[in-house]
Structure formats: structure tokens, C-alpha cells
Amino acid sequence: MSQKIPSSLQSIKSLPVDFEFVGSPTSYPIEMSSPSRDVSSLSIPENGEARNEIVEEKESNVEDAEQANDESPYCANTLSVEDGLSMGDEDLDSAALPLTSISASRDSERRWSDTTSYAAKKKLQSWFQLPNGNWELGKILTTSGTESVISLPLEKVLKVKSENLVPANPDILDGVDDLMQLSYLNEPSVLYNLQYRYNQDMIYTKAGPVLVAINPFKEVPLYGNGYIEAYKNKTIDNPHVYAITDTAIREMIRDEVNQSIIISGESGAGKTETAKIAMQYLAALGGGSGIEYEILKTNPILEAFGNAKTLRNDNSSRFGKLIEIHFSETGKLSGAKIQTFLLEKSRVVQCAEGERSYHIFYQLCAGASPTLREKLSLKSANDYKYLRQSNCYSIAGVDDAERFHIVLEALDIVHVSKEDQESVFAMISAVLWLGNVSFTVIDNENHVEAVADESLVNVAKLIGCNTEDIKLALSTRKMRVGNDNIVQKLTLSQAIDTRDALAKSIYACLFDWLVEQINKSLAVGKRRTGRSISILDIYGFESFDRNSFEQFCINYANERLQQHFNRHLFKLEQEEYIQDGIDWNKVDFEDNQDCLNLFEKKPLGLLSLLDEESTFPNGTDLTFANKLKQHLNSNSCFRGERSKAFTVCHYAGEVTYDTSGFLEKNRDLLHLDSIQLLSSCSCVLPQIFAASMLTQSVKPVVGPLYKAGGADSQKLSVTTKFKGQLFQLMQRLENTTPHFIRCIKPNNLQSPGLYEQGLVLQQLRCCGVLEVVRISRSGFPTRMSHQKFARRYGFLLLENLASKDPLSVSVAILHQFNILPEMYQVGYTKLFFRTGQIGVLEDTRNRTLHGILRVQSCFRGHQARNYLKELRTGIVTLQSFIRGERTRKEYAILIQKHRAALVIQSQIKGRLARRKFITISHASILIQSVIRGWLVRRCSGDIGLLKSEGSKKNESDEVVVKASFLAELQRRVLKAEAALREKEEENDILHQRLQQYESRWSEYELKMKSMEEVWQKQMRSLQSSLSIAKKSLAIDDSERNSDASVNASDERDWETGSNFKGQDSNGGVRPMSTGLSVISRLAEEFEQRSQVFGDDAKFLVEVKSGQVEASLNPDRELRRLKQMFEAWKKDYGTRLRETKVILHKLGNEEGAMERVKKKWWGRRNSSRFN
């Protein structure tokens, strides 16, 4: 580290990082310089050593140097150095010195003997740093010696030293999503690449294993369910918080190791929003049980009670939090736990100009309902002293009333009851009213007592205590001297400090109680599996004009986190390479261990000296500052300042701290009187707060501390507690696989689209982005033990190597998949892979496992189907037996019921018949009696008439007359009964005839349908015969016409032959036209007859069915129609056969004529040629 790079090798840094060097650099033992030296070499000396001269007139007709492909740093020709120089140093100096040990090839060493850098020699683009610190991209116009002329934007031309130019990347690499892809890795190239992506709303960029996130200060379309699904299904691989979170989930499931996502950056860089985005992705992927909604709803609560507006950030987290999200064995969310660190309590009672206190104060004043306002005696925010001292009551674009309703909804979701919510808001209102409590002087010694006004009364009502009790607690202090208790009156400053301490303690305890309630709601319980992903969102590095105790603790925490970052990405990485015996060239990085030692060293560290001075009763902030200067001035990271200030050289830069209030804030004392006041309150929350404070007390304070107005119980100091929390946090993070997200703030104005190079560069240097990329480029980020590698991928081997050791299996796997040797290295215990190499094996493994699972699923499906088939067959057989048995039983029961029904019916019918017979018999007897009576009366009337006309007859004659009448009646009755029986018999005969007629009618219909089908078939056959005949005649006719047209075109000297042929052809056409006319007439007759027969048959069917009335016998007419059709069909067939014979004869005659023609034609031609 201490050795300087030889000047003859300084120009190596101007080469691209992917160059390799050949040769034996034995003359120079090379070791890289520290990053701080590299950074300083990039700046331009302000004393004019660079001697930049502005060229008055821009040179014209500057010809570019020839572009030789074999010399380009982007071509395939590479250089190598066996001693393994570390490439890609951010200090890319281009000293004009000989490079005798470097060559592109054996026959091109002379090209590299030139001392001019490649970019200058080829007139490429280079970066130049302006006096204001910004970098400009310029083009090299000419180079002479150690000076170059470059052209900058706005037509500026400068003459600069070549060593001050930094090579730029080609345009094709503009906006790459991973800084590892840059050919030249230097500060201006990284700045430009980030700015290029930032201007296109691509705020995420990879720097090896680290994700760089630049705060856009606006909404960007990179989030939502669509993007979540895309990153889940790996359809998008762009850098994103979703991608980091997805990697954490997959590694947790694959390696069964807890993961952590560490989000760091300055205040206002977007850490809180980044943490919420990561939680949204976890909730989307692991949701389903409902716990994800509770986890997400913790964000509005923690932001309302723990975030505030500062000069640099409208939503600055004034506390640190670690959210540990637990997962079940199936990868679903099962619960969460939140741990908080160092809430900034002083903000409750004191705010700087232009800042705000915690959001919940303003949200409660703006959004409380009228009922709640009356119950809490709430007023506007500007009516409270704690809130109006900063003259800032609102945030642009933020509706506090709406945010308050969101907080209420979130409290309901995390199961905080309405009563507890009212108690929480009562405590917040009590803190606000405490700030309005005033004091009045009561004697000449400047002793005071609290004024019993509206403020004091409201505080007493809200916390549930007596007005006099709180008045005494704020104005007096009880002390115990020996066995006596002494009441000491307080001065105005002491009373104000007591009041403010009570307000801060109430709010801090309220915050801790809320976190505890949230953890109870999110408790994992029996669902704990040990798998978890922790998201750390902690305050970023802070440096203000005046830095106090809070900034001191915050920056110490950031130093510890930076050490964790360095340890995992630099120290452990390189130590593991060396311990495992792989070829590795160490990369230098800026280690902050010295600064950590300054804080933590015992007994002369900053924290130890602060705790020591805090225990002294007469210790003041000035004595503390003097003690620091006395003991730590020799430390390189410490510098004493005037008065009570001192400066610490942090990893992110120097910060000057003002020790005013350090001791008081570190002690964080709350007097026993105030604790007893809270414990005596009737409300539940103050009692809980008092119990919590008493448990934190470790020892009683005795001796001189009473005289200094100390407390009756001494707690652990704030720094001691905070240091313990940090060590626990680091221990927890050490047991996880870390994933780092570095948030960058592009400007201090919180303005979208504004990119300040200096501010961004400072943050990039702080987080060591360039060193991370260099290590990732040359390192092996993926590693796996031989045993695990063989166990995970051994089944992919084509050969069975189960008997061999894991190392042999691992090497066989690497050879089988043709992984290049430079892409991996084999260590003593592990295999090391470069970025992306393990993905090929993992994809093959997943595909193979997927295929195995598919085969297994098919086989299991086949087994299940066979089993189901057998089971179904057995079930069907069993069901058939059961159903048969049940049917037989039901049938037997049905038969019994049927027989019983028949018996019952016979009995009922017999009974009904008997009743009917009796009724008819009685009616008949009655009718007979009436008729007989009428007849008797009639006969008796006739007899009386006869007696009056003639002689009287005797009684025997009357009896004879009556008997004759009765006999006549009986004869008539018998006759009527006989006639009735005859009519019934006739009715039965008619019914039988009707059934016979119906059966005959159905037979007739079937016969008629069959006859119609026969007729249709015969007609179709006749029609097809006619069509065939027509086609044959038409073909013959066309052939004759063509022959006639040929014969008619002979020469004039063949007129005799032509006339002869014309006569023959005319003679042949007439018979053919006659045949066509006959066939057409036959076709017309066929159509007409088929129409007539069809109509007649249809009419007879309608008459038969009764649809048409006609005075004819349809059966007889149908037989007659059939006879007529058979006669016509026979006659038509005969005529058709005769026509065919005639046509055949015509065809034979035509053939004979053709033969005659051919003979005549041959004789004619032979005579002609002779």
C-alpha cells in the first residue's frame, strides 16, 4: 500500500479495463495506490500548474488520425500482463512515458513504444475537468508532446496537459444498465452514464452486486402489478428494487439462508420509498394470508410518528428501523417484526427555521374530527409553541388531513383499538399543550412556578392527573439527603428543561409503545420457520452548518454500516479468495476502520470520553471538548476546533460538531418526580410509560449529582444504548446474505431533472461504487462448496460418478457443460464462478427437474388413472349388485302393494257396485211403482167409464184387464233391452272395422312412399340416360363441325373434293340434328310425365288423408295410376332403346364416311405429288 507506482507504468491506467498485458514486468514490483491519491490526481490544480491556454481561433481542417482496427481498445486483440495488474482504476492518468513491457502482439511492439495515450493518439473523445469541478466531454484535436488541444461544447477550444485527460467510452456504451460493462471505468464516465439514464427516467443502475438508485423527486412509471409480474416471471431483467428483492427471495428459498436488504444513502436520497417498494414486492409474492396488508400499513404509521420535514428532505426518517419479514416453508409471508433505533426526541421540543416537527402533530391538528377536537381541546398548529417556533406548518403538495385519515385506517388494520387510538392522540395533544405551559417568578431568587392556565389544565386532563400535582412536578424537585426529603424550587431554565424532558419522554415512550403494538399484530408465533428477509432503512450520513449530538450518533451508525459494506464487498471477498488459494490480485479500497476506532476505542474513544464526562456532575460541554482535544489530537481522523467544536474525518467527508448540549442529550435524564407523576395518572398509557422508564433505571444517583439538579435514577447513556443496538444489528446482519441498495440524491433542491455532478460524485465516492465494480469485474461473486455443487448438479452428469469425491464430480460437471476455464476457479474447498456462469447450470438443472417432474407426474397420473379405473369397475359392479338387490326388493314390495291394491279395489268396486245396484233397484222399484200406480189409476178410470156407459162387469174381469196391461209393459221393457244389446254389438263391430281401416291406411301410406321412391329412382335413371345421350351427341357434333371447318379451307384447285366433302358433311349433319330433336322431345316428355304422375300421386295422398274432399275411391285410383305409370314406363323404355339403336347406326355410317374420306384423300394426295 505504501509503495508508489513507478512513473513508467502510470500510463497503464489510461488503457481500457479489459486489456491484458504480456511480458515479464520483473523490473517493477507494482502495487496500486490508495483511492484518495487517485481522487486527488483527477482534479485540476488551482495554482495554474496545468497552464490551460484558450486557443483564440479554432483550428480548421483538423484531420482525424487513421483508425486501425487492430489498435482499437474495443477490438478482439487484447493485452495481458502476467503479474496481474489490477485494471479499471478510477485514476486513468496518461503520462507520456515508455511502455517497454507492453505489447499487443510480437510484431506490434513498436506501436506501443509511443508515450502518447491511446485516446490522444487516436483523437478520441476524452473527459476534462473544469475549474468548477464539473466534467466536460471533449474531442482531442491535436497532440504534441505532453499537451493536447481539445474541443469542448459551445465551441470552446482548450490546450491542456495530456495527463489531465481521462478517456471516454464509445457512444454505444451510453446508458448501459450495469457499470461493469463500461470499457473505461472512471469517475466522469460513471457520472455521465448515471446522468444519461437519469434523464430518461431510468433511475436504477447496477454497479456489480450493488444497486444504485437515484431519487427522481417525481413519479416514474416503473412500479405496479404489471412490473411485479414481469420481474417475478423474469420477462424483464433491468436493474430495479424488484429485481434485488426477487433475488433475495430466491436465494432464501434455494440456500435456506436468511437475507437482508441494506438501504443506505444521504437524507433525501429516497431510502424510505425504496424500502416501501421492496416491501410491496415481498407482499405481492408472498401474500395470500392477509398479513401482507398489515405489513404494508405499518409504513404510514411509522412515517407519521417518526418522519419529519427537514431542510433537505420533506419526509426525512428521524429514526432507524429494521423490518424482519418472516416466511413459511411454502414461501408465504407469516409475520414480521420491527426494530427501531435512536428516535430524534429533541425534534419534539425544538425545530430549526423552515423545518417541521413530526408529521403526526400537524396531521392531528388538520384532520381530527370535531368530536375528537373537542375531546382533546385541539387548536390549530400555529397555536402551539412547539410547532410555531420554526414558522413552517405545511409541505407543498401534501394534505395533512388526508394523511391523518390514512393513519387512522392503518391503525385499524394493525388492530389498534379505538380506545387505544384515542389514548394515543390524547398523549400527542398533551405534548403539544405542555409546550404552551408557562412559568412565573415567585421570589427574588428567580424561582418559578407553573401558571395554572388553560395549557396546564388541558395537560392534566389529557394525562389523567391532578392540576396541583403536575404544577409541583414542573416547578419543584424532591431530593433525599440522609433520612430527610427536601423540596427544591426550580429556576426558570430548570423548569423549562423539566417540562421539555417530560414532553420528549412521553413522545418517545408513545413511539416505542406503538411499535410494540404493531409487532404484536404482526407476530409470527408458531408459524416461525427461521427464514426471513430483513430490510434496513436507517438515517443517512448528515452534515449541516451546525451539527449536534443527533448528527454525531447518525454518522457513527453510518460508519458502522459502511464497515459492514466494506467487510462483505471488499474484505471478506478478497480474504476468501486468498484463503481458498485461487489466483487473485488484491484491489485497494478506502477502509474506515481508523474512523471507527476513533469512536469505539477504549478508554480514549469519542464514545468512552463522552460517557465518562457525562458521569461527572461538574462536567460541561466545554470541558468535554477540551478533553477531546487533549487526548485525540494525535489521531489522523480527529481535529480540534475553536471553542466547543471538533472535526471528524468520516468516510463521506469531514464533519464539524458543536458540543453544545452533548452531555445533556447523552444523559437524557428524566427526574423521578416526573416519573411518579406519570405513574399516578388515571390513564393507562402514562402508567405504562412510567413502568417502562423505571425498568430502564440501573442505579440510584448519590453524592454531588444532587447538587447539579440530577435525577434520582440514572439510566444508561444514549450512546451506550445506541452502541449496543448497533452491535446487535451488525450481529444480525452478519448472519444474513446482504443485498445493498445505494440511494443517491441528485440535488439539494429536491427538484426533478436536476443533476449536480459534484453532489453525486461525493456520494459515489462515499459508497465506493468504483471499487465495487472493479472487484466484481475481476472477482467471482458466485461460490459454492464442492459438496454442495456436486450434490446440487451431480445428477446432470451423463456418466455415473457417485463413487468419486465431490471435487472430481464438480470438475466433471464443469467439463460436461463446457464452462471456460477463465470463467471459474477451483479452490481448496469451493468453486468460484464469474457473474452469470452459475445461471447456465441453474437453468439446465431447472429444466431437467421440470422434465423429471413431468415424467413423474405422467407416471403417477397413469397409476392414478389405472387405480381409478379399477376402483370404478369395482364400484360399478358393486353398485349393480346393490341396485339389483334393491330393485328386486322394491319389485317384491310393489307386487305386494299391487295385489293389495287389487284386493282393495275389488272390495271397493264391489261395494260401489252393490250400492249402485241397490240405488238403481230402489229407483226401478219406485219407477215401477209410480208407473204401475199410474197404469192402475188409468185402468181404474177406464173401468169407471165403462160402468157408466154399460153394464157392470165383475171383479175377475178387472183383474184380467190389469194383468194384460202389465204383460204389455214387460214385453216392451224386454224389447228395449234387446235393442240396447244389439246397438252395443254394432258399436263393437264398427270399432273393430275402424281399427282395420286405420291399419290398412298405414299400410297404404307405406306402399305409396315405397312406390314414390321407386318412381323417383326410375326417373333419375332415365334422366341420367338422356343426359349421357345428349353429351355424346354434342361431342360428335363438335367433332364434325371442326372437321367441316378444316375441309372447307382447302385450296381452289380442290373444289371438287371440297364440294364432295361438303355434301357428305351436310348429309351427316341432318341425321344428327334429327337425332338431337328426338332426344329433346323424349326429355320434354319425361319431364311432363314425371310432373303429371307426381301431382296425381300427391292429390291421391291428400284425398286418402282427408285433407281434400273428393267423390272417388283413392285405393282404386292409386292402382289405376300405377298401371298407367307402368304402361308409360314400358313404352318410354322401348322408344328410348329404339333411339339408341338409331343413334348407333348414325355413328357407324359416319365412321364409314370418314373411312371413305380418308381413302379419297390419300388417292388425291398421291396423284398430286406424282
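At what angle do the axes of helix 19 (residues 606-615) and helix 20 (residues 621-632) cross? The legends below take up this crossing and other close-up views of the predicted model.

**Figure 1. Crossing of helix 19 and helix 20 in the predicted model.** The two axes cross at roughly 140 degrees and come within 10 Å. Helix 19 is therefore oblique to helix 20, since an angle over 145 degrees would be needed for the pair to count as roughly antiparallel. The crossing in which helix 19 passes helix 20 is right-handed. On the side of helix 19, the contact is made by Leu606, Leu609, Leu610, Glu612 and Glu613. Their counterparts in helix 20 are Thr623, Phe624, Lys627, Leu628, His631 and Leu632. Sorted by class, the residues of this contact comprise six nonpolar, two polar and three charged.

**Figure 2. Crossing of helix 12 and helix 13.** Helix 12 spans residues 400-413 and helix 13 spans residues 418-435. Their axes come within 10 Å, with a crossing angle of roughly 135 degrees. This angle makes helix 12 oblique to helix 13. Helix 12 passes helix 13 in a crossing that is right-handed. Phe404, Leu408, Leu411 and Asp412 are the residues of helix 12 that meet helix 13, where they find Lys418, Gln421 and Phe425. Four nonpolar residues, one polar residue and two charged residues make up the contact. An α-helix has 3.6 residues a turn, so residues three or four places apart point the same way.

**Figure 3. Salt bridge between Asp201 and Lys218.** The closest N and O atoms of this pair are 3.1 Å apart. The bridge links distant parts of the chain, as its two residues are 17 residues apart. Asp201 belongs to the loop between helix 3 (187-199) and strand 7 (204-207), and Lys218 to the loop between strand 8 (210-214) and helix 4 (225-232). Asp201 counts as partly exposed because its relative accessibility is 25%. Lys218 also counts as partly exposed, at 43% relative accessibility. In total, the structure holds 37 salt bridges.

**Figure 4. Salt bridge between Glu355 and Arg347.** In this pair, the closest N and O atoms lie 3.1 Å apart. Are the two partners buried or exposed? Glu355 has a relative accessibility of 9% and therefore counts as buried. Arg347, at 5% relative accessibility, is likewise counted as buried.

**Figure 5. Salt bridge between Arg546 and Asp658.** The closest N and O atoms of Arg546 and Asp658 are 3.4 Å apart. With a relative accessible area of 48%, Arg546 is partly exposed. Asp658 is partly exposed as well, its relative accessible area being 22%. Elsewhere, salt bridges that share partners join Arg318, Glu344, Arg347, Glu355 and Glu542 into one network.

**Figure 6. Helix 9 and its buried residues.** Helix 9 comprises residues 359-367 and is mostly covered. How many of its nine residues are buried? Eight of the nine are. The buried residues are His359, Ile360, Phe361, Tyr362, Gln363, Leu364, Cys365 and Gly367.

Figure 7. Apart from neighbours within four places in sequence, Gln280 is in contact with Ile228, Tyr242 and Leu296. Asn225 is 55 residues from Gln280 along the chain, and the C-alpha atoms of the two are separated by 9.7 Å.

**Figure 8. The chain that holds these views.** The secondary structure of the chain consists of 32 helices and 27 strands. The chain has 1170 residues, of which 44% count as buried. Among contacts in the chain with a separation of 6 or more, 68% are between residues 24 or more positions apart.

Note on methods: Residues are numbered from 1 along each chain as its sequence is written. This is a predicted model: local features need pLDDT of at least 70, side-chain atom pairs count only at pLDDT 80 or more; totals for chains, interfaces and linings use all residues. Side-chain values use heavy atoms; hydrogens and water are left out. Axes are lines fitted to C-alpha atoms, for helices over the stretch in contact, and angles run from 0 to 180 degrees between N-to-C directions. Helices (H or I, at least four residues) and strands (E, at least two) are DSSP runs, numbered from the N terminus. Angles under 35 degrees count as roughly parallel, over 145 as roughly antiparallel, 65 to 115 as roughly perpendicular and the rest as oblique. A crossing is left-handed if the near helix is turned anticlockwise from the far one by less than a right angle, and right-handed if clockwise. Contact means heavy atoms within 4.5 Å. Ala, Val, Leu, Ile, Met, Phe, Trp, Tyr, Cys and Pro count as nonpolar, Asp, Glu, Lys and Arg as charged, and the others, Gly among them, as polar. A salt bridge is a side-chain nitrogen of Lys or Arg within 4 Å of a carboxyl oxygen of Asp or Glu. Buried means under 20% relative accessible area, exposed over 50%, partly exposed in between (1.4 Å probe, protein chains only).
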